[in-house]
Amino acid sequence: MKLQAHGIETELPAGWEGRIALRTQPTAATRSIGDPAERTNPIVHLANFALPEQRGDFGSGAVDLMSEPHVLVVLFEYGPECANTALFSRQGMPKKLTPTMFSGAALQRTLPGQAGCQIFFTEGNRAFCLYTVLGGQSAATRVLPQANATLAGTRILAR
Amino acid sequence: MTALVVVLGLVVAVLALLVVGLLRSHAEILKRLHDLGAGVEPGQPTSQPASPTATPVTSREDFQVMPQVPSPPDREAFGGAADLVGVGAGGADALSVRIIGVEHDTIVAFLSSGCITCQKFWDAFAKPRKLKLPSGTRIVVVTKGPEAESASSVASLAPASFPTVMSTQAFTDYDVPGSPYFVYVHGPSGRVRGEGTGPDWEQVSSLLAQATVDAGLATALSGRQVAKPDADAAREERIDRELFEAGVAPGDPSLFSVTPPDGADATDADRHDHDGHHPHG
């Protein structure tokens with residue numbers, strides 16, 4: 001199942017669903033945090049479970065529903081001025097995540113049993129954060145191949 | 001005297017005709033009401049087909065519609081469901097929604113932005129707690145793609161709580177005769193439990209309940225989500241705003257630093273060049 005929008009495309013494996021959208025414009029009505037004048041950038045949410053419509057940029061609302069076999073992949077694009085800076089010096093999106101990359105402390109919100117991994121990179125002159133959440137760290141060996149297959153099927157097109 | 005008798009006889013005859021006509025009309029009304037299922041006591045035999053069995057329903061005779069509502073299209077068997085992929089409301093974003101091989105059931109609601117009857121469903125879906133969805137069921141709204149629909153209109157109508165997929169292909173995949181139209185899919189098997197339409201959500205939900213073994217409509221799917229108290233949500237929002245004003249935006253690396261064990265050096269994750277404020281996208 002192929003998704004394509006905002007210069008990002010992904011070929012999802014069976015059992016996954018995804019969203020490629022622009023970050024919600026911060027306004028008083030949307031309650032999204034940020035500068036109302038900012039130019040919003042794409043956010044990608046890919047998951048092997050049903051994604052709720054009410055979600056935060058980094059998966060809040062979705063991580064609450066995750067159980068052990070679930071994994072959530074977030075691609076969050078930063079502004080063009082961040083590309084190739086020190087934090088985003090890594091070139092190319094990671095395609096192979098390993099269990100040792102994950103930690104219960106690397107979560108935006110700590111939930112029992114969950115583990116996260118955050119990697120910053122630049123690809124196609126675009127700065128991104130890859131944030132991956134495992135519903136159960138103990139299931140990393142079992143579910144990471146699915147996540148890696150999803151990443152392998154994802155391409156970021158250059159600006 | 002004779003004339004009086006004749007007149008009385010004529011009056012009686014006319015009244016008799018009136019009574020016969022009223023009785024026939026009454027019988028017709030009772031028959032129509034009986035066909036609609038009114039006044040049928042549990043256990044009494046009816047002229048309707050047997051109630052659904054305790055297995056997922058696949059026979060179109062088990063899905064009953066009101067007489068004036070179009071029945072599901074004639075097919076040898078209900079077609080299988082399909083996962084949905086398309087663009088989001090507004091026409092710019094991309095999304096896919098799993099329908100088959102999932103734990104939950106799905107009601108796929110085919111709507112359009114221009115039909116008057118659909119407006120009742122758009123309005124109903126804006127208030128998810130009042131829908132009284134069967135337990136473990138989610139709604140997905142589908143409209144035709146941007147080439148056949150007004151993306152801006154769909155964006156203004158799309159409910160915040162359910163996915164809205166713009167996809168003309170989905171109308172073909174599900175063999176939808178028109179909108180509004182509803183297909184109830186059993187998630188684990190992908191089988192269509194029932195399909196049809198009605199004039200409003202109350203009628204449709206009643207018909208869908210008849211097509212499944214769920215007697216009565218139980219807790220909504222939203223009950224599975226963690227209900228955050230309003231005070232906690234307000235507190236989180238205030239904290240997010242204060243952090244942002246201090247230069248710590250959502251996703252800022254400083255929020256994710258891993259504290260090293262005592263005496264150990266800082267990890268690579270902590271050595272990144274943090275400029276203090278990374279404008280988020």
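## Ground rules

Two strands count as paired if DSSP finds at least two bridges between them, and strands themselves are DSSP runs (E, at least two residues) numbered from the N terminus. This is a predicted model, where local features need pLDDT of at least 70, side-chain atom pairs count only at pLDDT 80 or more, and totals for chains, interfaces and linings use all residues. Residues are numbered from 1 along each chain as its sequence is written, with chains lettered from A and ligands numbered from 1 in the order in which they are written.

## Around β4(A)

Let's start with strand β4 of chain A, residues 42-47. On one side, 6 bridges tie β4(A) to β3 (residues 17-22) of chain A, running antiparallel; Glu17(A) has Ala47(A) as its bridge partner. Another 5 bridges link β4(A) to β5 (residues 71-77) of chain A, again antiparallel, and here Ile43(A) sits opposite Phe76(A).

So how much of β4(A) is buried? 6 of its 6 residues are (buried: 20 or more other C-beta atoms, placed from the backbone, within 10 Å of the residue's own). In a regular strand, side chains alternate between the two faces of the sheet. In β4(A), Pro42(A), Val44(A) and Leu46(A) cover one side, with Ile43(A), His45(A) and Ala47(A) on the other.

Conventions. Buried ≥ 20, exposed ≤ 12 C-beta atoms within 10 Å, placed from the backbone. Helix = DSSP H or I, 4+ residues; strand = E, 2+ residues; numbered from the N terminus.
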